[in-house]
Amino acid sequence: MKKQKHGAAKRREAITGLLFVSPWIIGLCAFFAFPIFRSLQLCFVNVVNMTDYSVEWAGLDHFKEIFETDTWYIKHFLTSMKEMLLQIPLTNIFAIFIAILINKKFPGRTVYRTIFFLPVILGAGFVMSQLLGQGVQGEAMETVRSVLLPTQIRIYLGPKVTTFFTDFLSLITSILWKCGVQIIIYLSGLQSVSPSLYEAARVDSATEWEMFWLITMPMLTPIMLLNLVYSLVDYFINSDNLLFKHIQNTAFQLNQFENSSAMSWLFFLWAILLVLVIFAVMRPFVKKVKD
Amino acid sequence: MRVRQGFHIHFGKLSIRVSVSRILVYLLVILLVCFTSLPLIYVVSTAFKPLDELLRFPPIFFVRKPTMDNFRDLLFATSSSSVPFLRYVVNSIFVSVATVLATIIISSIAAYSLVKLELPFKNAIFNLIVATLMFPATLMTIPNYMVINNLGLMDSYLALILPKIAGAFGFFFVKQFCDQLPDAFLEAARLDGANEWQVFTKIVFPFMKPACSTLVVFTFVASWNDAFSPIVYITQDAMRTLPVALQSIGTAGTLARAGAMAAGTFISVVPTVLIYTLMQRRVIETMAYSGIK
């Protein structure tokens with residue numbers, strides 16, 4: 001029920017409201033809305049003079065340049081797509097797994113939850129690349145490897161198995177460092193599954209394994225869709241991405257702002273396309289949760 | 001009938017049933033937790049390693065003879081180039097704190113007035129916000145650079161603060177909480193003669209505190225770790241922030257500065273971990289609740 005307001009009061013409310021909202025709106029327009037418009041414009045023009053920003057129409061030239069003269073764009077694009085195809089399923093499988101583990105009731109589970117989420121906090125930017133880039137991957141792995149797999153056994157197994165083992169360990173660490181948010185989202189999904197379903201299944205003498213595939217997984221599908229999209233977007237906006245580095249280099253080292261804009265828009269449109277594909281593929285599997 | 005495997009542990013009168021599968025799950029979780037916290041432990045341990053342990057091969061994980069040499073090295077040896085290292089830390093703290101404060105105030109006020117007050121163009125503004133939420137930051141770096149340049153903000157702290165304040169992300173976070181605030185509270189306050197500003201500070205803001213503390217964590221971390229915008233917007237050495245300073249230490253002297261680098265990384269991790277552990281409960285609850293990052 002909404003109370004009807006009189007003209008003067010209504011106008012005063014509108015003025016106060018606009019006053020409250022205006023700093024934010026100005027900021028949004030100056031640093032988000034306007035830049036988006038400008039970068040879209042940059043894809044199709046040549047900047048003649050940077051200081052007073054005069055432009056001339058260039059049509060699709062910049063897009064042509066990406067495919068014809070730029071040797072790195074497609075290469076980096078394919079590399080990051082391959083990486084993405086590997087990473088997204090792995091992070092999601094790990095996240096479901098960990099979410100199910102810490103959803104069980106045992107002492108100290110809030111502490112574990114905190115630690116699993118910690119990489120999200122640290123993960124942004126420099127520290128993350130510092131940690132995963134050099135020191136940790138090499139040195140920490142070396143130590144872990146020698147603890148888990150004594151030298152004698154390593155010699156016996158040969159170098160191939162050892163490298164596989166090390167790669168596997170570092171993959172686990174880097175995957176674990178990327179699934180913090182997904183774990184939390186899955187966890188909230190798991191907690192919303194009604195316990196009466198499991199009770200009913202237990203009465204019908206279902207095993208844990210059957211309950212996982214027939215109750216947990218189907219109930220998680222909406223959350224899974226959310227998480228897949230989240231992982232995809234997260235991968236696309238991650239600045240450690242090779243392609244993004246290339247795009248930024250084109251802009252700030254080669255000073256080709258127009259080409260760089262065209263590249264990022266292409267990448268962005270591709271991301272949207274992938275999100276749509278994920279929606280289309282997942283739709284038949286997503287069960288509507290009945291209230 | 002399934003037989004549960006397990007055994008009993010007796011502590012005098014107390015008897016605990018321990019199932020094998022539960023122990024396995026527990027071990028697995030501990031192993032995964034170890035893997036996740038591995039990099040962090042490594043950073044802490046490396047920061048206190050003396051030079052011979054830093055350069056040892058094969059490397060050791062835990063420090064044997066902890067020293068504070070690295071920190072001394074970081075504070076004095078690296079500051080030979082006219083700018084003391086502490087200056088970078090102060091810069092980082094100033095920029096991050098200013099960004100956090102401005103973001104909290106501006107987004108919570110905006111969320112309140114957009115959700116609870118009757119505004120003209122309300123829907124248009126909402127659509128604008130949703131639209132900006134979808135665009136990646138990389139798309140906006142070049143035009144942002146142009147805007148900053150045209151406003152004459154190059155080489156100022158404002159260039160590091162202003163572009164981050166009015167994000168759609170922060171707005172959505174606070175909005176979710178604002179939606180839940182019952183209108184009756186606001187009506188009651190207004191009947192008692194409170195003006196809009198008092199309604200906001202006395203009722204709305206306290207109600208949104210959990211969302212705001214989550215926003216504090218995310219804005220602080222993003223601003224603290226941002227290594228990109230200082231490179232683009234700042235040319236003076238004295239105005240650089242911590243991540244940029246660390247990068248230049250890292251590339252300048254590789255071996256001799258290994259200790260300073262380790263200590264610097266440690267210093268750059270500490271505030272984020274601290275602020276997260278202080279607010280972690282609220283962060284995780286809000287994350288799970290709002291479903292967006």
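The model is a predicted one.

**Domain interface in chain B**

- Domain 1 of chain B spans 6-68 and domain 2 spans 78-290, according to the domain assignment.
- About 640 Å² is buried between domain 1 and domain 2 of chain B, and 91% of this area lies on carbon and sulfur atoms.
- On the domain 1 side, the most area is lost to domain 2 of chain B by B:Val43, B:Ala47 and B:Leu55, which together account for 48% of what that side buries.
- At least two residues of the side of domain 1 that touches domain 2 come from each of helix 1 (20-47) and helix 2 (51-54) of chain B.
- Helix 1 of chain B gives the most to that side, with 5 residues.
- In terms of contact, 9 residues of domain 1 of chain B meet 9 residues of domain 2 of chain B.

**Nonpolar cores**

- The largest nonpolar core comprises 153 residues, and those with the most contacts inside it are A:Trp24, A:Phe116, A:Phe117, B:Tyr112, B:Ile129, B:Phe171 and B:Val204.
- The most to this core is given by helix 4 (residues 85-116) of chain B, with 14 residues.
- Another core, of 8 residues, lies apart from the largest one and includes A:Tyr53, A:Ala251, B:Ile142 and B:Met146.

**Surroundings of B:Ile129**

- With neighbours within four places in sequence left aside, B:Ile129 is in contact with A:Trp24 and A:Leu28 of chain A, and with B:Leu114, B:Ala168, B:Phe171 and B:Phe172 of chain B.

Technical notes:
Residues numbered from 1 in each chain as written. Chains lettered and ligands numbered in written order. Predicted model: local features only at pLDDT ≥ 70, side-chain atom pairs only at ≥ 80, totals over all residues. Heavy atoms only, no water. Core = buried A, V, L, I, M, F, W, Y, C linked by side-chain atoms within 4.5 Å. Buried < 20%, exposed > 50% of the residue type's maximum accessible area, 1.4 Å probe, protein only. Helix = DSSP H or I, 4+ residues; strand = E, 2+ residues; numbered from the N terminus. Contact = heavy atoms within 4.5 Å. Domains from an automatic or database assignment. Buried area = accessible area lost by both parts, 1.4 Å probe.
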